[in-house]
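This report walks through one protein chain for a reader who is new to structures. Please keep the sequence and the model in view while reading.

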Amino acid sequence: MAADSPAPVVRQLRLVVEAADHEAAVAFFRDALGLPEEAAFSGEGDARVVILDAGRATLEIANPAQKRLIDEVEVGRQVAPRIRVAFEVDDAEATTARLVAAGASEIAPPTRTPWQSLNSRLDAPADLHITIFQELVTPDEGVGTRDEQPEGDGDN
């Protein structure tokens, strides 16, 4: 890219997940978790996709040591695959209970983290390992400087 060229603008982060049981995955993420449906498309050979609105998107890139730290804090052991999806909610306890009732497997119950969030871990449909998190402090309250706080998928 030339030095005088403007930086590229990313307008949306879209995570595309293959789900063998499409209906169960849609019911879980749309109906149980509450992600609004933006669009749905179908094509030849029973091809189907549903696009769900997950609110504001961020991309966290953690090194292996940070991944291990987050697993240790949230679960007490190493469990997450390379990719884990985290959803911020208003009530982590109620959401976790609702998602377990809808078919997720609880890996760890809601746990208060050093970065002041309440985080649970679940194995969800479509073979996704997810974190449900609730921020316990407002951004203006803060919990320390950037260098002092552990970072982790909205877990900060």
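In this predicted model, the side chains of Arg-121 and Asp-71 meet in a salt bridge, with 2.7 Å between N and O. Arg-121 belongs to strand β5 (residues 117-124) and Asp-71 to helix α2 (residues 64-74), so this pair ties together parts of the chain that are 50 residues apart in sequence. Are the two partners buried or exposed? Arg-121 has a relative accessible area of 0% and is therefore buried, and Asp-71, at 0% relative accessibility, counts as buried as well. The cut-off behind this wording is that a residue is called buried when its relative accessible area is under 20%.

Side chains of opposite charge can pair when their charged atoms come close. In this structure the count comes to seven salt bridges, and the table sets out three of them.

| Salt bridge | N to O distance | Relative accessibility of the partners |
|---|---|---|
| Arg-121 and Asp-71 | 2.7 Å | Arg-121 0%, Asp-71 0% |
| Arg-30 and Asp-31 | 2.7 Å | Arg-30 29%, Asp-31 49% |
| Asp-46 and Arg-48 | 3.3 Å | Asp-46 55%, Arg-48 36% |

The salt bridge between Arg-30 and Asp-31 has partners in another setting: Arg-30, with 29% relative accessibility, counts as partly exposed, and Asp-31, with 49%, also counts as partly exposed. In the bridge that Asp-46 forms with Arg-48, the closest N and O atoms are 3.3 Å apart. Here Asp-46 is exposed, because its relative accessible area is 55% and exposed means over 50%, whereas Arg-48, at 36%, counts as partly exposed.

Another loop, the one between β2 (48-52) and α2, holds Ala-57. With a relative accessible area of 41%, Ala-57 is partly exposed. Ala-57 and Arg-14 are 43 residues apart in sequence, and yet their C-alpha atoms are 8.3 Å apart in space.

We turn next to the aromatic rings. A search of the whole structure finds two aromatic pairs. In one of them, the rings of Phe-28 and Phe-29 have their centres 4.9 Å apart and their planes at 80°, so this pair is edge-to-face; the reasoning rests on a cut-off, since planes over 60 degrees apart count as edge-to-face. Phe-28 and Phe-29 are both buried. Phe-29 also forms an aromatic pair with Phe-87, and this one is tilted, with 6.2 Å from centre to centre and 40° between the planes. Phe-87 is buried, as is Phe-29. Taken as a group, Phe-28, Phe-29 and Phe-87 form one aromatic cluster.

Strand β3 also contains Glu-88, and this residue is exposed, with a relative accessible area of 53%. Together with Asp-90, Asp-91 and Glu-93, Glu-88 gathers in a patch of negative charge on the surface.

The chain has three helices and six strands, and from the N terminus on its elements run α-β-β-α-β-α-β-β-β.

How values were computed
Residues numbered from 1 in each chain as written. Predicted model: local features only at pLDDT ≥ 70, side-chain atom pairs only at ≥ 80, totals over all residues. Heavy atoms only, no water. Phe/Tyr/Trp six-rings, centres within 6.5 Å; stacked < 30°, edge-to-face > 60°. Buried < 20%, exposed > 50% of the residue type's maximum accessible area, 1.4 Å probe, protein only. Salt bridge = Lys/Arg side-chain N within 4 Å of Asp/Glu carboxyl O. Helix = DSSP H or I, 4+ residues; strand = E, 2+ residues; numbered from the N terminus. Patch = residues over 30% accessible without salt bridge, like charges linked within 9 Å, V, L, I, M, F, W, Y side chains within 5 Å. Areas by Shrake-Rupley, 256 points an atom, 1.4 Å probe, with all protein chains shown as cover. Lys, Arg positive; Asp, Glu negative; His and termini not counted. Charge placed at Lys NZ, Arg CZ, Asp CG, Glu CD.
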